[in-house]
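Please open the structure in your viewer and keep the selection tool at hand.

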Amino acid sequence: MTQPKILLIYTGGTIGMIKDFETGALRAFNFDKLLERIPELSHLDCDIETIAFDNPIDSSDMNPKNWIKMASIIEENYNDFDGFVVLHGSDTMSYSASVLSFMLENLAKPVIFTGSQLPIGDLRTDAKENLITSIQVASLFDEDGNPQIKEVGLYFEYKLYRANRTTKINAEHFEAFASLNYPPLAESGVHLKVFKENLLRPKEGELFKVHKEIDNNIALIKLFPGITRASLEGFLASDTIKAIILETYGAGNAPTEAWFLGFLYKIKKKGIIIVNVTQCSGGKVIMGQYQTSVALKKLNIISGNDITTEAAIAKLMYLLGRKMDETTFKTVFETQIRGEMS
């Protein structure tokens, strides 16, 4: 069997930085000289090629144009490579990786996102381990010669997660990400252990397709005790918002005050989609379990189940781009399509 071919896509972020020891400033290094920086890569049983964004971007500046660029690079190189590793800043990695999971339909190869908390040139960097193991994960084949991972994953600090189940939980620790509602896909220790029972099983023989119609006319409302009518009125005045994610308490609970329920009613009457997602890192929305969510259920608000806020945003943008009627939209959103919810 020939060696797997892996395409490394550098978008920006700490992992691609080196420190200028004279000034102390971080700067992006030339990815064509990756092997010079990480000679250990030459020991991997795969062929690695690299593509870097012309202007590497901080992940805080991530936007739909960059997602389309990433998806296009994968689309253009899909038949020539066995796996893809996307190097990305950690701050918005869960958002980007979630969006890509929806954009890449019938994916039959691994797309692994990774990054680091410290730059490659740092003595205590986590960049080398994250990068090397991500490439190894993307190179895994089964006994039939097919890729073991056939979905978008996120690898960080010894664990591979389903990308659209992750959220960044720490800005300082190397263990920066968590997936509280779904177990890891693989774990790196003395051996690289893949949990096959947790992997996504795509439909066999379906044609790989890339969706580039992303509609970001959405808003996010995080509820808090003491929220006022004045802080929400701007949403009613907007002519561009097509969907709102309502980050509610606990199992999907919200205030029962008349003004708040009236606000939701007016939003719905304007044709704006509302999705109920819990603020909790783990657990799920169960509308109607408590009296404080009965009204939301009566308003026919979409349940986010156990989806993360990041994946809910990604799924909304993707589905709005597909342009479907309200009833179909609700049905599709509440259905698992990329392993994003239980």
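This is a predicted model: local features need pLDDT of at least 70, side-chain atom pairs count only at pLDDT 80 or more; totals for chains, interfaces and linings use all residues.

The structure holds 7 aromatic pairs. Tyr78 and Phe208 form a stacked one, with 3.8 Å from centre to centre and 10° between the planes. This pair links distant parts of the chain, 130 residues apart: Tyr78 lies in the loop between α2 (64–77) and β5 (83–87), and Phe208 in the loop between β13 (192–194) and β14 (209–210).

Now select Phe81 and Phe84. Their ring centres are 6.3 Å apart and their planes stand at 55°, so this pair is tilted. Both Phe81 and Phe84 are buried. Together with Tyr78 and Phe208, they form one aromatic cluster.

The charged end of Lys5 sits over the ring of Phe81, 4.8 Å from its centre. The charged end of Lys109 sits over the ring of Tyr78, 4.5 Å from its centre.

Finally, move to strand β8 (residues 152–156). Is it enclosed or open to the outside? Strand β8 is largely enclosed by the rest of the structure, because 5 of its 5 residues are buried. Val152, Leu154 and Phe156 point one way, whereas Gly153 and Tyr155 point the other way.

Show the neighbouring strands too. Strand β7 (residues 111–114) runs parallel to β8, joined by 3 bridges, and Phe113 has Leu154 as its bridge partner. Strand β9 (residues 159–162) pairs with β8 in the antiparallel sense over 4 bridges, with Phe156 opposite Lys159.

Note on methods: Residues are numbered from 1 along each chain as its sequence is written. Side-chain values use heavy atoms; hydrogens and water are left out. Buried means under 20% relative accessible area, exposed over 50%, partly exposed in between (1.4 Å probe, protein chains only). Helices (H or I, at least four residues) and strands (E, at least two) are DSSP runs, numbered from the N terminus. Two strands pair if DSSP finds at least two bridges between them. Rings of Phe, Tyr and Trp (its six-membered ring) pair if their centres lie within 6.5 Å; planes under 30 degrees apart count as stacked, over 60 as edge-to-face and the rest as tilted. A charge sits over a ring if NZ of Lys or CZ of Arg is within 6 Å of the ring centre and within 35 degrees of the ring normal.
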